[in-house]
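This briefing is meant to be read beside the sequence and the 3D view. Please keep both open while working through the topics below.

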Amino acid sequence: MAAISGKVFQNINLSQCYHQSRQFSNQYRRDCFSRFNLLPFDGGKVAWTGTSSMQLRTFSTHQINFINRGPVHCNAAPSTISSLDNIDFQKLQNGSDIRGVAVAGVEGEPVNLTEPVAEAIGAGFAAWLLEKKKADGSRRFRVSIGHDSRISAEKLQDAISQGIAGAGLDVIQYGLASTPAMFNSTLTEDEAIFCPADGSIMITASHLPFNRNGFKFFTNAGGLGKADIKDILGRAAEFYKNLNNRDDLINSRGKGSATIEKVDYMSVYASDLVKAVRKAAGNKEKPLEGFHIVVDAGNGAGGFFAAKVLEPLGAITSGSQFLEPDGLFPNHIPNPEDKTAMKAITEAVLQNKADLGIIFDTDVDRSAAVDSNGREFNRNRLIALMSAIVLEEHPGTTIVTDSVTSDGLTLFIEKKLGGKHHRFKRGYKNVIDEAIRLNSVGEESHLAIETSGHGALKENHWLDDGAYLMVKILNKLASARASGLGGGSQVLTDLVDGLQEPAVAVELRLKINQNHPDLQGGPFRDYGEAVLKHVENLVASDPKLLKAPVNYEGVRVSGFGGWFLLRLSLHDPVLPLNIEAPSHDDAIKLGLAVLAAVKEFPALDTSALDKFVQFPGMNQRFFSQNSLNDIPVGDDHSFSCHSNAIFSVSACVLHFK
């Protein structure tokens with residue numbers, strides 16, 4: 001924290017003050033910026049009418065009987081904007097999300113997700129929604145908005161709300177929420193809490209650093225795709241241009257009005273999760289009674305799971321940690337793939353002698369678990385566990401995963417469980433969309449899941465929901481208890497018995513220097529594709545290597561008892577290289593094969609791969625936990641190991657920076 005400037009702490013203090021000023025009460029009053037009604041997008045132009053009045057209503061929970069719910073009328077005074085920075089809105093796109101820097105103070109990371117930018121994005125989404133969905137005329141469209149624990153969340157929530165309300169759409173603010181809950185709000189039918197929402201926005205940047213933030217968008221059809229995000233950003237850019245030139249419009253008042261409501265939707269969402277576990281256990285009120293389950297929310301939005309889901313089901317949650325929202329993430333990165341985060345939940349399980357540990361990412365669309373012996377259920381092992389649960393319910397179904405899953409997982413799903421493994425592309429949206437596509441052409445699929453911890457089930461509307469994944473695991477615990485099977489989380493461990501795991505698993509990142517003359521001014525994607533094509537051609541001529549007959553991303557090759565996958569990153573000028581092998585000698589051989597194939601591309605930085613194949617003693621020693629003390633630690637590399645005696649392997653993962 002020493003490197004953080006005073007400006008960051010100024011933002012933090014402002015955020016704390018801002019949070020205190022927003023505590024809900026029946027006497028709550030505030031002035032609002034004037035906003036302009038934004039008509040549906042037409043031919044690249046944004047049309048304006050006059051200002052609209054906005055009303056603000058507040059509710060502490062959805063059960064309040066609407067006492068003192070009279071509207072607070074906002075004045076029509078416009079916001080004062082002296083000048084606006086030039087923003088390239090398209091650079092805010094991150095696949096099917098929007099991401100940017102929202103807090104100043106980190107060197108080399110200028111703020112580009114300001115309040116005016118957020119307001120413009122809100123207006124852009126409103127225009128997109130009005131055009132794509134048809135109103136029935138009975139009410140105005142409404143958009144639900146929630147956020148994770150980031151320190152910039154509330155100011156962005158208000159700004160994007162203003163952009164939406166200014167377009168004449170009603171806004172329902174949920175405050176601290178999870179990404180899955182936001183999508184779920186478009187499916188819930190309950191007018192008392194203004195559901196269903198016609199569109200929904202989650203303000204989050206997942207596990208990225210505290211100064212980042214962003215937006216995810218949903219309708220009842222699911223998350224928006226890349227083309228939709230590009231469209232919305234185009235509309236937002238047009239709106240943004242007008243923010244400096246609206247003084248001549250403020251004297252014209254609009255005839256419409258919009259409202260901003262506040263609802264505790266997370267209580268509704270958590271109640272649905274509780275009902276799902278009770279139903280699976282034969283409608284028993286406390287099916288988890290006697291189970292000791294600890295939760296690590298990483299100071300993100302997942303703290304609700306302990307008190308609002310586990311405890312009503314009878315579970316003991318003492319020892320749960322980092323449940324309080326804190327956008328500086330002082331304890332560890334909220335990321336189930338992060339070794340520090342997984343170490344934290346593992347230690348909590350062991351220290352508290354708990355039956356199970358559960359960990360979430362910042363916005364709760366990813367999760368992982370730890371059994372009573374400290375063995376992790378994440379990455380391939382989480383997929384194996386969920387596959388075992390789903391295939392018990394739907395024998396023979398297809399499990400869709402991302403491209404970096406192991407060969408051992410394929411054998412487990414197809415030989416041990418009797419299912420079908422469909423290995424697709426990286427990106428949770430890609431995996432989910434592929435599962436939906438397979439069902440549409442007659443191939444049954446009930447689970448789409450990434451090694452990152454993103455997972456969606458058909459039974460749950462293909463909602464990417466880390467909390468629901470954990471509910472499926474809790475269902476298994478509860479049903480095992482109801483069937484007279486004890487042993488805490490042993491039933492889960494038994495489900496993945498027979499999963500073969502590699503002794504060596506490495507991910508390296510080969511960066512493309514976009515300024516290198518070898519690119520000849522062309523885009524990095526073209527250069528990366530040329531690298532992949534060259535590797536593919538060379539593999540075809542090597543009898544020791546075999547290209548995967550079915551592959552949807554990059555070049556996947558088997559050889560020396562293992563495999564490698566070289567692919568192009570979804571967003572960055574990087575070629576990630578994954579290598580898995582039964583020994584380090586074999587891993588080195590695979591690495592050398594890749595190195596020989598890419599040596600003709602000087603713009604490709606192979607330093608990480610060079611270090612891997614030259615690492616001291618790498619090709620003389622089996623790199624296992626037993627030899628951990630013999631391996632030097634440096635600034636350019638780190639490693640994490642998993643003691644997997646129950647899985648007949650002790651494996652380590654080496655990470656090069």
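The model is predicted, so local features need pLDDT of at least 70 and side-chain atom pairs count only at pLDDT 80 or more, whereas totals for chains, interfaces and linings use all residues. Residues are numbered from 1 along each chain as its sequence is written, and side-chain values use heavy atoms, with hydrogens and water left out.

**Overall make-up**

- The chain has 16 helices and 28 strands, where helices (H or I, at least four residues) and strands (E, at least two) are DSSP runs numbered from the N terminus.
- Taking contact to mean heavy atoms within 4.5 Å, 69% of the contacts in the chain between residues at least 6 apart in sequence join residues at least 24 apart.

**Aromatic pairs and charges over rings**

- A search of the whole structure finds 11 aromatic pairs; rings of Phe, Tyr and Trp (its six-membered ring) pair if their centres lie within 6.5 Å, and planes under 30 degrees apart count as stacked, over 60 as edge-to-face and the rest as tilted.
- One of these pairs is Y174 with Y265, which is stacked because the ring centres are 4.9 Å apart and the planes stand at 10°.
- This pair links distant parts of the chain, since Y174 belongs to strand β7 (residues 170–176) and Y265 to helix α6 (residues 265–280), 91 residues apart, and both Y174 and Y265 are buried.
- The rings of F305 and F360 have their centres 5.1 Å apart and their planes at 65°, and this pair is therefore edge-to-face.
- F305 in helix α7 (residues 304–310) and F360 in strand β13 (residues 356–360) are 55 residues apart, so that this pair too links distant parts of the chain; F305 is buried, with a relative accessible area of 0%, and F360 is buried with a value of 0%.
- One aromatic cluster is formed by F125, W128, F215 and F217.
- A charge sits over a ring if NZ of Lys or CZ of Arg is within 6 Å of the ring centre and within 35 degrees of the ring normal; R481 lies over the face of F291, at 4.1 Å from the ring centre, and R556 lies over the face of W563, at 3.7 Å from the ring centre.

**Helix packing around α12**

- Two packed helices are described by the angle between their axes and the distance between the axes; here axes are lines fitted to C-alpha atoms, for helices over the stretch in contact, and angles run from 0 to 180 degrees between N-to-C directions.
- The axes of helix α9 (residues 379–393) and helix α12 (residues 466–482) come within 11 Å and cross at roughly 60°, and α9 and α12 are therefore oblique to each other, given that angles under 35 degrees count as roughly parallel, over 145 as roughly antiparallel, 65 to 115 as roughly perpendicular and the rest as oblique.
- The crossing of α9 and α12 is left-handed, a term that applies if the near helix is turned anticlockwise from the far one by less than a right angle, with right-handed used if clockwise.
- Residues of α9 that meet α12 include L382, L385, M386 and I389, and their partners in α12 include L469, M470 and I473.
- The axes of α6 and α12 come within 8 Å and cross at roughly 30°, which makes α6 roughly parallel to α12.
- The crossing of α6 and α12 is right-handed, and the residues that meet include Y269, L273 and V277 in α6 and Y468, V471 and L474 in α12.

**Backbone features in loops**

- Most residues other than glycine have a negative phi, and most peptide bonds are trans.
- The peptide bond from C195 to P196 is cis, with omega near 10°, and P196 is found in the loop between α4 (179–184) and β8 (199–203).
- F194 lies in the loop between α4 and β8; its phi is near 60°, a positive value in a residue other than glycine, and at 12% relative accessibility F194 counts as buried.
- F329, in the loop between α7 and α8 (339–351), has a positive phi near 45° and is buried, with a relative accessible area of 12%.

**The surroundings of H147**

- H147 lies in strand β6 (residues 142–147) and is buried, with a relative accessible area of 6%.
- Leaving aside its neighbours within four places in sequence, H147 is in contact with A153, E154, Q157, G175, L176, A177, M202 and I203.

Technical notes: Buried means under 20% relative accessible area, exposed over 50%, partly exposed in between (1.4 Å probe, protein chains only).
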